[in-house]
Amino acid sequence: MQNRHAINTIVFVAFFTAITFIATSIQVPMPAMVGKPFVHLGNAAALLSVLLLGYKHGAIAGSMGLALFDVTHNYVLDAPYYFFEVFVVGGLATLVIHLLNYHAKPQPFKLILIILAAIIAKFVTTTLHNFIMSLIRGLTLQPAIAATFSALIPTIVNCVTTMMVVLIIYPILNERLRNQLFSALN
């Protein structure tokens with residue numbers, strides 16, 4: 001029985017890792033002064049992983065999917081950061097889930113608050129990351145601030161896209177898969 005549980009966990013984590021990788025590959029390039037930002041669905045897939053698989057397994061799946069994308073698409077230096085970021089964003093979402101007692105009494109406004117907490121965390125962490133990377137790349141303070149502001153539009157678009165996708169897809173997947181996932185993972 002324990003072997004079956006371990007196998008199910010590995011399969012679900014691998015599946016959501018692949019979904020996150022593929023969702024990150026669906027992208028629209030955006031202009032910015034530093035880096036090559038793009039809008040993608042990977043953040044939504046990573047958050048869905050956390051919401052459906054739980055914090056530990058979901059964060060592992062989401063972070064591995066984003067990190068694998070980075071490693072295979074010449075963003076190797078960013079891979080550790082995005083691996084870590086999923087744990088921060090997913091951790092805040094999980095904290096809000098528990099604070100709102102969402103699983104006992106799921107309500108749409110609670111889901112909105114959970115997703116808002118996650119995308120606010122994503123916005124803050126990504127903006128700080130962009131600023132620090134600008135400084136690491138050799139920009140002085142004022143150009144680094146300007147470069148960070150130039151990357152705000154893609155960050156905001158990614159956050160809004162994540163909100164819309166998760167608001168639409170999570171209730172559907174939660175209804176159909178949550179009981180199956182929990183029975184397989186527990």
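Visitor: Which residues does leucine 111 touch, not counting residues up to four places away in sequence?

Guide: Leucine 111 touches Tyr102, Leu167, Tyr170 and Pro171. A contact here means heavy atoms within 4.5 Å. Before we go on: this is a predicted model, where local features need pLDDT of at least 70 and side-chain atom pairs count only at pLDDT 80 or more, while totals for chains, interfaces and linings use all residues. Residues are numbered from 1 along each chain as its sequence is written, and side-chain values use heavy atoms, with hydrogens and water left out.

Visitor: Why is leucine 111 called buried?

Guide: Buried means under 20% relative accessible area, exposed means over 50%, and partly exposed is in between, using a 1.4 Å probe and protein chains only. Leucine 111 has 4% relative accessibility, so it counts as buried. You'll find leucine 111 in helix α5.

Visitor: How many helices and strands does the protein chain have?

Guide: There are 7 helices and 2 strands. Both are DSSP runs numbered from the N terminus: helices are H or I with at least four residues, strands are E with at least two. Starting at the N terminus, the order is α-β-β-α-α-α-α-α-α.

Visitor: What makes the protein chain as compact as a globular protein of that length?

Guide: The globule rule is 2.2 Å times the number of residues to the power 0.38, and the radius of gyration is taken over C-alpha atoms. For 186 residues the rule gives 16 Å, and the chain comes in close to that at 17 Å, so it is as compact as a globular protein of that length. Along the principal axes, the C-alpha atoms fill a box of roughly 55 × 35 × 25 Å.

Visitor: What share of the residues in the protein chain is buried?

Guide: Buried residues make up 46% of the 186.

Visitor: Which residues have the most contacts inside the largest nonpolar core?

Guide: They are Leu47, Leu51, Tyr102, Ile114, Ile115, Val166 and Tyr170, in a core of 25 residues. Such a core is a set of buried Ala, Val, Leu, Ile, Met, Phe, Trp, Tyr and Cys residues joined through side-chain atoms within 4.5 Å. Two or more residues each come from α1 (2–25), α2 (42–53), α4 (79–99), α5 (108–136) and α7 (152–185). Helix α5 gives the most, with 7 residues. Another core, of 7 residues, lies apart from it and includes Ala46, Val50, Tyr82 and Val86.
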